[in-house]
Amino acid sequence: MARVLLVDDDDQLRSMVTQMLEREGFEVTEASNGVEGLESYADLETDIILLDMVMPRRDGLMTLQDLLASYPRARVIAMSGGSRGRASWLPIAKRAGAVGVLKKPFTKDQLMDSLAAALANPWK
Amino acid sequence: MINSQQNRRTPKSYDRLRDLFFRDIEILLIEDSAVDQVVFCRYVERSQMPFVVTAVGSLAEAREKLANKHFDIIVADYYLPDGVCLELGIIFYEYPVVVMTGGGDEKIAVGVMKAGAKDYLIKGTGSGALKMLPLTLENVLIRHHAEREREELEARADEMQKMESLGRLAGGIAHDFNNILGSIIGYTELAVEDVEEDSITRRNLQEVLIAAQRASHLVEQILAYTRDSAEERVRVDLVEVLDEVMNMLAHSIPKNVEIEIIRQVDYAYVHGNETNLYQVVMNLITNGIQAMEAEGGILKIRMMEIIQGRKPMICVEISDQGCGINRDHLERIFEPFFTTKAPGKGTGMGLAAVQGIVEYHNGRIDVSSQVGVGSVFTLQLPSDLND
């Protein structure tokens, strides 16, 4: 089954998403900020990265850019609930190379759909 | 001599007032002397200005008339059978009032100006003041109009400032709030999976999900109201937007509501954010349908191009035959969180979001309504002139 790296600074949300994914048979690794996320990806090169766009330390966009600079084939799904005057990070994440986007709050179905679409994306 | 002067001035004044009012100007004359009423009307008529006079003889009658009809200006005699005109109190601040006094009552004149009157006229033969009547009325009306406009602009600027801070606040908490909602929705879904299908617990958990979705919708609307300017804008055809909205609604329109679409243009290009504009049209049409849910009726949607101050604008007029909106509510209808719907039925952000989006697109939204007859929302957006 596919391996997912989940990068989000919200502990409660992160363990919820992990539960959802594990129930569907995904193997999940968690990271709570961008720096940790980059380190984990270097070790594991998971099939997919679920990346929150608004985080302390290294923010989502910078993490995304760094990640794709080193690993152009990484499949990143950007997650965001909008923030700080900007209505949404998601169109920007798409332009920066994310294969999919997930608007928070999302349902389990939406999460599974976007994972399936990202895994099926032939361009990576 | 007097005549020729009048002739030269009259057409111009007529135009100035017409530009401001687009219609006849309603004067309420409060004057107990029948003779003075006739004299007044004669001077008004001779001016050839677009005035219509309604005359009453006492304060009580005046109050009754004012409660039932709109007037543009009040002309009141100082002494009336049931008191002095100052007893009209707050009316001096709601309407432009011109007070007439007898000769030699300059002290009274000063008093009425302090009370909020816009001008005064000295009656009586030889004073010549009544000859000035049309000019006085015209000046008072124009001044009053300008004052009101200024007040409105100030109120609008205030409102925009309030909204800006609300927007900053909303933008600041949106991320955290959506994360929290994400946890609520996600954990509830996990719990739903774990309980028996027909159990009460499951049904209750489903309610938690519905509530959380409502909260999420509310945050979205607040954000839409104070949209960030980095948002993507493209050339949007409102004809297509309308078609899409109608498709979306096709199955949810109640049987007693008929939709009539009058399109006077083939294309209606504006420059803007498609999602936001869709939200605007959707919101206005759903409101119209909801207003007629109980009694039924025809929802008329008219789309056309008009010229506003030399600029072509796309205009969408949505008129319903619903219950209408009373005057107090009409004033507040675009205010955030203002709703007349039952708790849980409306967020109070729908029309506020509409106004926010429309203003952000350099357009305007107007509403007129009559209780028991229906409401008309008029949306105007600048045409996109690029090919």
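Student: How do you know that strand β1 (residues 25–30) of chain B is paired with strand β3 (residues 73–77) of chain B?

Tutor: 4 bridges join β1(B) to β3(B), and the two run parallel; two strands pair if DSSP finds at least two bridges between them, so these strands meet the definition. One position to look at is L28(B), which stands opposite I74(B) in β3(B). The model is predicted, so local features need pLDDT of at least 70 and side-chain atom pairs count only at pLDDT 80 or more, while totals for chains, interfaces and linings use all residues. Residues are numbered from 1 along each chain as its sequence is written, with chains lettered from A and ligands numbered from 1 in the order in which they are written.

Student: Why are β2 (51–56) and β7 (119–122) of chain B said to stand at the edges?

Tutor: The open sheet of chain B has 5 strands in the order β2-β1-β3-β6-β7, with parallel pairing. β2(B) and β7(B) each have a single partner strand, so one side of each is left without a neighbour in the sheet. Direction ignored, neighbouring strands of this sheet are turned by 20° against each other on average.

Student: What makes a segment of chain A count as a helix or a strand, and how many of each are there?

Tutor: Both are DSSP runs numbered from the N terminus, helices being H or I over at least four residues and strands being E over at least two. Chain A has 5 helices and 5 strands, which run β-α-β-α-β-α-β-α-β-α from the N terminus on.

Student: How do you know which strands lie at the edges in chain A?

Tutor: The 5 strands form an open, parallel sheet in the order β2-β1-β3-β4-β5. β2 (27–31) and β5 (100–103) of chain A each have a single partner strand, so one side of each lacks a neighbour in the sheet. The twist averages 20° from one strand to the next.

Student: What makes helix α5 (residues 108–120) of chain A a helix that packs on the sheet?

Tutor: Helix α5(A) touches β3 (48–52), β4 (76–80) and β5 of chain A, where a contact requires C-beta atoms, placed from the backbone, within 7 Å. The direction of α5(A) makes about 175° with that of β5(A); such angles run from 0 to 180 degrees between N-to-C directions, with axes fitted to C-alpha atoms, for helices over the stretch in contact.

Student: What share of chain A is called buried?

Tutor: Of its 124 residues, 48% count as buried, that is, 20 or more other C-beta atoms lie within 10 Å of their own, with C-beta atoms placed from the backbone.

Note on methods: Buried ≥ 20, exposed ≤ 12 C-beta atoms within 10 Å, placed from the backbone. Contact = placed C-beta atoms within 7 Å.
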